[in-house]
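Me: I would like to learn how to read a few features of a protein model. Please take them one at a time.

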Amino acid sequence: MKNNKSLILGIETSCDETALAIMHGFELIHQITATQWIHEEYGGVVPEYASREHEKLLPAILDEILNKTAIELSEFDGIAVTRGPGLAGSLLVGLSFAKGLAVALDIPLYGINHIEGHIFANFIGQELLPTPFLCLLVSGGHTQIVHVKSMEDFSLIGTSRDDAAGEAFDKVARLLGIGYPGGPLIDKLSQSGNAKFHHFPRTNFKEGYDFSFSGLKTSVMYYVKDKSPEFINENLADIAASFQEAVVDALVGHAIKAATDLKLNRIVLAGGVAANTRLREKISTKSKTLHIKVYQPELHYCTDNAAMIAYLGYWKHLKKDASSLAMKAIPNLKLSFRN
Ligand code: KG4
Ligand code: ZN
């Protein structure tokens, strides 16, 4: 394997996916993402269980990825690890594992911002980035419109004032008794539903590009409250599709307006909700007529993965931008905006 390109191991443990990936230069060699299904029966992520699962899974996945790729630990040139944002205990497990490897192998450690990972997941494997672009970052914890001028220069254009889009999907799925994880289940169910079945409200602020999804969630709650279980069951796909359409309308409307106002002809989708079928379809259709190019990550790069962490790790490795071994996990780590 060894030539002049470096070999980076990426580690992602910010929430309920335990993931490892290996980059050789800009080339992804292999990645493994293990979803922790233990949370399913609780209808949401239980932080304590998430950390314990990471601790159990990390050494097993490391063995698996080394066996699959026939790479030896001694061949790595750097370790990249998510330092935030995320669940404190989960981040700590990943960070301790990464630090242990970095010390044992005497190689540099690179702390990575998970949100930056999502933004640049679209370009895994690429050396040239098509900046500037507008990023619609939609995950379980974030709903943001970010003007990405370069890898280090971001401006926040709009954000959710309450729930994140993914959070709204998960809460409404729970409310409708659809289960966990809510986003992918609502997406699947909606494919056989009528999005015009019921018009749920879209919150629009007078100015700017901010979002609000808590009113939408409450209106779904009131809508189902006075309906019989039979009615809900019979019309579940239609209700799910109508809710999903309201979220997608807000996301697509704001992103396209911001791109047009800023004269940006590229929109990049990022984060777990970027896997949503209707969002991908609607933003592509609307952008086409405006000559805006839409970048959509492959599905396994939308949700949490370690390839995006290893990729940014390799960029840091090239810049010799190593982190200290004293680096701490930062559960509420933000993107650093220039303005
Ligand atoms: O980016 P991600 O994997 O983790 C965070 O950093 O938050 O995003 C997870 C979120 C969850 O809320 C999940 O329900 C949502 O992304 N999600 C989806 C879809 N796939 C995942 N939401 C809507 N449609 C999907 N297909
Ligand atoms: Zn994420």
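Me: Is H118 buried or exposed?

Reply: This is a predicted model, and the label follows from relative accessibility, with buried meaning under 20%. H118 has 2% relative accessibility, so H118 counts as buried. H114, at 6%, counts as buried too.

Me: How far apart are H114 and H118 along helix α3?

Reply: They are 4 residues apart in helix α3, which spans residues 114-120, so about one helical turn separates them.

Me: Next, salt bridges. How many does a search of the whole structure find?

Reply: The idea is a side-chain nitrogen of Lys or Arg within 4 Å of a carboxyl oxygen of Asp or Glu. The search finds 16 salt bridges. One of them joins the side chains of E53 and K56, with an N to O distance of 2.9 Å.

Me: Where do E53 and K56 lie?

Reply: Both belong to helix α1 (residues 47-69); they are 3 residues apart, so about one helical turn lies between them. E53 is buried, at 14% relative accessibility, whereas K56 is exposed, at 55%.

Me: Which distant parts of the chain does the R202 and D249 pair link?

Reply: The side chains of R202 and D249 meet in a salt bridge of 2.7 Å, N to O. R202 sits in the loop between α5 (182-190) and α6 (214-225), while D249 is in helix α8 (residues 236-261), 47 residues away. R202 is partly exposed, at 25% relative accessibility, and D249 is partly exposed, at 25%.

Me: What about E245 and R278?

Reply: Their side chains form a salt bridge at 2.8 Å, N to O. This pair also links distant parts of the chain, with E245 in helix α8 and R278 in helix α9 (residues 277-289), 33 residues apart. E245 is buried at 9% relative accessibility, and R278 is partly exposed at 25%.

Me: Which residues are joined into one network?

Reply: Salt bridges with shared partners join R202, E245, D249, R278, E281 and K282 into one network.

Conventions:
Residues are numbered from 1 along each chain as its sequence is written. Chains are lettered from A and ligands numbered from 1 in the order in which they are written. This is a predicted model: local features need pLDDT of at least 70, side-chain atom pairs count only at pLDDT 80 or more; totals for chains, interfaces and linings use all residues. Side-chain values use heavy atoms; hydrogens and water are left out. Helices (H or I, at least four residues) and strands (E, at least two) are DSSP runs, numbered from the N terminus. Buried means under 20% relative accessible area, exposed over 50%, partly exposed in between (1.4 Å probe, protein chains only).
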